[in-house]
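Welcome! Try each task before you read on.

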Amino acid sequence: MFKTTEDQKEYIRETYPEVTDHRIDERHWDLHCSHCNMTRGFQVIERSEGREYTNYGGVYSIDSEAPYSIYFRCPVCSGYKQWILYKISSREVIEEVNPGEEPKKKTVVRYYRVTSLPSEGVEDMEEIPENPPSLRTAYKQAIRAMDANAHIAAAAMFRRALQIITRDILDATPGSLAAELSEVVGKKYNGVKITNDFSDIGYILKEAGNQGAHPDKDPDLLEFTEQDAQDLQKIFMEIVSDLFFVPEVAKKSREDFLKRRKIGSKTI
Ligand SMILES: [Zn+2]
């Protein structure tokens, strides 16, 4: 619980990712469109601000301590998403001056994202098999954790998702993840032989996940940044894509080709 609005602001600053850099102006924000697969200026199509009723002539005034939501739309594909944000303005020092003098300050507005709907990155889930359901659950939790600025938790969840792949999909003998990764090399999945690449990429996820789960003595490893988690997500999706998506696409185009050329199945 908060005692003062200052406590509340402090909590917001410490807990949620700052997204001020994404804002271009009142009507536009630079966001990633998962459909167009690029970052571009999204339009603000609707903004609801926290309002409170005042006694003066039945008008509303904007409550600046309340969260507000923005609907963004991609100008190209018309896909949309919603963010719930806090806007905090405060006097910040912009220039240090000589000791004893008053430092130069100005009012700076910063934006913090409480959540996004859908969670940023969750669209990639289409590439992940539905079975076993625990795989999508682990991935979804990793994404939710990233959305909530909990990047260490995200690393641990990506590691867990990888282990679900090795054990439940590639049938590795349950053991350490390192052993499972080397065991599956050479096995066939979906008609494709699992190579050392899988094991090598998996190793990165395993190591990062272990760092996420166990406190490390190396001070450089204590902080897991947003960038680290985003990189891990990319690495994880690389595995998913190589394992489940690319073979499906290849199989489909082979089948289409055979059908087009009227080549039937091989008979001896
Ligand atoms: Zn788009």
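## Exercise 1: A glutamine in a strand

Gln82 is found in strand E7, which covers residues 80-95. Please keep in mind that this is a predicted model.

**Task.** Find out whether Gln82 is buried or exposed, and which residues Gln82 touches beyond four places away in sequence.

**Solution.** 
- Step 1: Start with the cut-off, where buried means under 20% relative accessible area.
- Step 2: Gln82 has a relative accessible area of 16%, so Gln82 is buried.
- Step 3: Leaving out residues up to four places away in sequence, Gln82 touches Ser69, Ile70, Tyr71, Thr115, Ser116 and Leu117.

## Exercise 2: The buried side of a helix

**Task.** Which residues of helix H1 (residues 5-15) are buried, and what do these buried residues pack against?

**Solution.** 
- Step 1: Gln8, Lys9 and Ile12 are buried in H1.
- Step 2: Looking down the axis of H1, you find its buried residues within an arc of 100 degrees, so they line one face of the helix.
- Step 3: The partners of the buried H1 residues are E7 and strand E8 (104-117).

## Exercise 3: Into the nonpolar core

**Task.** Work out how many residues the largest nonpolar core has, and which elements give two or more residues to this core.

**Solution.** 
- Step 1: As background, nonpolar side chains tend to be buried together in soluble globular proteins.
- Step 2: Here the largest nonpolar core has 38 residues, and Phe158, Ile165, Phe198 and Phe236 are those with the most contacts inside it.
- Step 3: Two or more residues come from each of helix H2 (133-147), helix H3 (151-169), helix H4 (177-184), helix H5 (196-213) and H6.
- Step 4: H6 gives the largest share of this core, 9 residues.
- Step 5: Now zoom in on Phe158, which touches, among others, Tyr139, Leu205, Gln233 and Phe236, not counting residues up to four places away in sequence.
- Step 6: There is also a second, separate core of 13 residues, and Val19, Val44, Tyr68 and Cys74 are included in it.

## Exercise 4: Backbone details

**Solution.** 
- Step 1: The bond from Leu117 to Pro118 is cis, and its omega is near -10 degrees.
- Step 2: Asn131 and Pro132 are joined by a cis peptide bond too, with omega about -5 degrees.
- Step 3: Pro118 is in the loop between E8 and H2, and Pro132 is in the loop between E8 and H2 as well.
- Step 4: Asn37, in the loop between strand E2 (28-33) and strand E3 (38-48), has a positive phi near 60 degrees.
- Step 5: Asp171, in the loop between H3 and H4, has a positive phi near 55 degrees.
- Step 6: Asn37 counts as exposed at 61% relative accessibility, and Asp171 counts as exposed at 56%.

## Exercise 5: Charged pairs

**Task.** How many salt bridges does the structure hold, and which parts does the pair of Asp147 and Arg113 tie together?

**Solution.** 
- Step 1: Side chains of opposite charge can pair when their charged atoms come close.
- Step 2: The structure holds 9 salt bridges.
- Step 3: One of them joins the side chains of Asp147 and Arg113, at 3.1 Å from N to O.
- Step 4: Because Asp147 lies in helix H2 and Arg113 in strand E8, the pair ties together parts that are 34 residues apart in sequence.
- Step 5: Asp147 and Arg113 are both buried.
- Step 6: Compare the salt bridge of Lys206 and Glu207 (2.8 Å, N to O), where Lys206 counts as buried at 9% relative accessibility and Glu207 as partly exposed at 28%.

Terms used. Residues numbered from 1 in each chain as written. Predicted model: local features only at pLDDT ≥ 70, side-chain atom pairs only at ≥ 80, totals over all residues. Heavy atoms only, no water. Core = buried A, V, L, I, M, F, W, Y, C linked by side-chain atoms within 4.5 Å. Buried < 20%, exposed > 50% of the residue type's maximum accessible area, 1.4 Å probe, protein only. Helix = DSSP H or I, 4+ residues; strand = E, 2+ residues; numbered from the N terminus. Contact = heavy atoms within 4.5 Å. Arc of directions from axis to C-beta. Salt bridge = Lys/Arg side-chain N within 4 Å of Asp/Glu carboxyl O.
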